[in-house]
Amino acid sequence: MIHQPPAGARDLLPLDVTQKRWIEKRLRPVFEGWGYHRIITSTVERLDTLMAGGAIAQSTVIQLQEREEDSPLALRPELTASIARTAVTRMADTTFPQRLYYNANVFRRSKNNSHGSQQEFYQAGVELLGVGGLLADAEILLLLQDCLQSLGLNQWRLVLGEAGLTRSLLRIFPDPLKPKVRQAIAQLDRLTLEALPLTPEQQERALFLLDLRGRPEDVLQRVGQLELEPGERETLENLKSLIDLLAESSLSNGATQEGPILDLSLIQPMDYYTGIVFEVVSETEFGPQSLGQGGRYDRLLSLYHPQGEMIPGIGFALKLENLHQILLQTGQLPTTTPAPHTLVVPTSPRAYAPAFAHAQTLRQNGEDIPVELDLSPYSSQSAVRQYARDRRIAQIAWIEGDGNAEIEILG
C-alpha cells in the first residue's frame, strides 16, 4: 500500500522548504522594519469565531468535530478573525495601534468539493489594529509594495476597490436579489446580471457597477456623476486622497511601479470589509495570478470584544504558493538545499567521542555553519570524499583517536 497525504494536503520537500524560507526571510525584515511584531494564533478555533458573524461562509470552513455543549471546532480558513479575537481578549491592556504580522498555514474547503483540490495554503501578512483613516490605509498599501519589492517582483498591479461604497451603490436592488447581483458582479458575470428580473433602472446600475474599473481618475469621474449621498461623496474624496498620496509617496521612494487600477466591482469573498479592499495581481503566461489581497474591516473586532467596542483594522495576506510559482520563473529562488560546511569523520572507534566534540565545537564557533558527522566510519577515504563532493561539502575534518584533526579542503 502506498501511503499518500490526505486529499487536499501537500508535502513540502527539503528544497520546497528552502525556497519557502527564502521568501519568508525577505518578508520578515520588511514587516519588522515597519514596526510589526509577529503573532502566532491557534490553528484550531471555535467555528463561530472563524465565521466572523457570518462574513465567512461555513461551507468553506473545514470542521473538526461536533460538540453539544459548545461551538464545534474548525481549522482556520484565514488569520484575520483569529487575530481580531486575540487582540480584544488577550491584548486588551495594550495600547493602540497594534502592528502585527504572521506567517502561517490556513485551511479552506474547495468550492466544488472536488477530490484532491488543495485545501491547505500558506500565507504571510499583517494586521494594523486600532487606527483608521488615510494614513493607516496608505501605510498598509505602501508596506505591501515594499514586500513585493523585497522579493524582486516588479510585474504586478494593485487593484483597489471600496467595499463600503460598492455596498452602498447596491442599495437600489431589492433585498432578495441583492446577494445574486453582488455575486454576479464579484464574478464579472454579465450574462447572469442580464438574466436577473431587474427593472431597467436596476439593470443599468448593475451593468454600470460591473464595468467600474480602470484609471482611477476615469472611474472617480464616472461615479461622481451619480446622485450620491453625502457619505458616498466623502468616501469618493477619501479614495482620491489615498490614490494621490500613494502616487506621491511611491514617486518619492523611487518606485517605478504603475499606479493602481480602481475597481469598484472588486468584492472580496470575506464579507467583513467596510472600507478599501485590494488585490495584487501579476500577469503570467497562464493569465492573471493573485499574489495577495486585503482590506479595511472596522466592525470585525467588535464581534469579539466583551463590550462590543468598535476598533478599526486593516491588513493583507500574501499567498506564498503563488509567490513561489512566480519567483520560480525569475530564477531567484535557491535550486539546492544548503550544504554542510564540514564533514567530521572519526578514523577509528577511539575517535568517536572526539569527533562528536569537534563537531560541536565547530557548530558553537561557526555562527550556525552546518556541520555533519560521518556515520559510516568503516567507509574508505575515497568513498567519504565522494560522498562529501556529492553533498557539496566544503571540507573534511579527519579526527584521530587522540582528538587531533586533519583538515582536508575539497576542490
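Aspartate 271 is partly exposed in this predicted model, with a relative accessibility of 35%. Its salt-bridge partner is arginine 167, and the closest N and O atoms of the two are 3.3 Å apart. Arginine 167 belongs to helix α5 (residues 163-169), whereas aspartate 271 sits in the loop between β9 and β10 (276-284), so the contact ties together parts 104 residues apart in sequence. Arginine 167 is also partly exposed, at 36% relative accessibility.

Glutamate 258 and arginine 157 form a salt bridge, with 3.2 Å between the closest N and O atoms. Glutamate 258 lies in the loop between α10 (230-252) and β9 (261-263), and arginine 157 lies in strand β7 (residues 157-162); the two are 101 residues apart. Glutamate 258 counts as exposed because its relative accessibility, 54%, is over the 50% cut-off. Arginine 157 counts as partly exposed, at 25%.

A further salt bridge joins the side chains of arginine 46 and aspartate 48, with an N to O distance of 2.8 Å. Both residues fall between the 20% and 50% limits and therefore count as partly exposed: arginine 46 has a relative accessibility of 32%, and aspartate 48 has 39%.

These pairs are among the 19 salt bridges of the structure. Salt bridges also build a network, which links Asp137, Arg296 and Asp298. One member of this network, Asp137, is among the buried residues of helix α4.

Helix α4 comprises residues 134-150. With 17 residues at 1.5 Å a residue, α4 should span 24 Å. The C-alpha atoms at its ends are 24 Å apart, in agreement with that expectation. Of the 17 residues of α4, 12 are buried, so the helix is largely enclosed by the rest of the structure. The buried set includes the run of leucines Leu141, Leu142, Leu143 and Leu144, together with Ile140 and Leu148. Ala136, Ala138 and Cys147 are buried too. Just after α4, glycine 152 adopts a positive phi of about 75 degrees.

How values were computed:
Residues are numbered from 1 along each chain as its sequence is written. This is a predicted model: local features need pLDDT of at least 70, side-chain atom pairs count only at pLDDT 80 or more; totals for chains, interfaces and linings use all residues. Side-chain values use heavy atoms; hydrogens and water are left out. A salt bridge is a side-chain nitrogen of Lys or Arg within 4 Å of a carboxyl oxygen of Asp or Glu. Buried means under 20% relative accessible area, exposed over 50%, partly exposed in between (1.4 Å probe, protein chains only). Helices (H or I, at least four residues) and strands (E, at least two) are DSSP runs, numbered from the N terminus. The expected span of a helix is 1.5 Å times one less than its number of residues.
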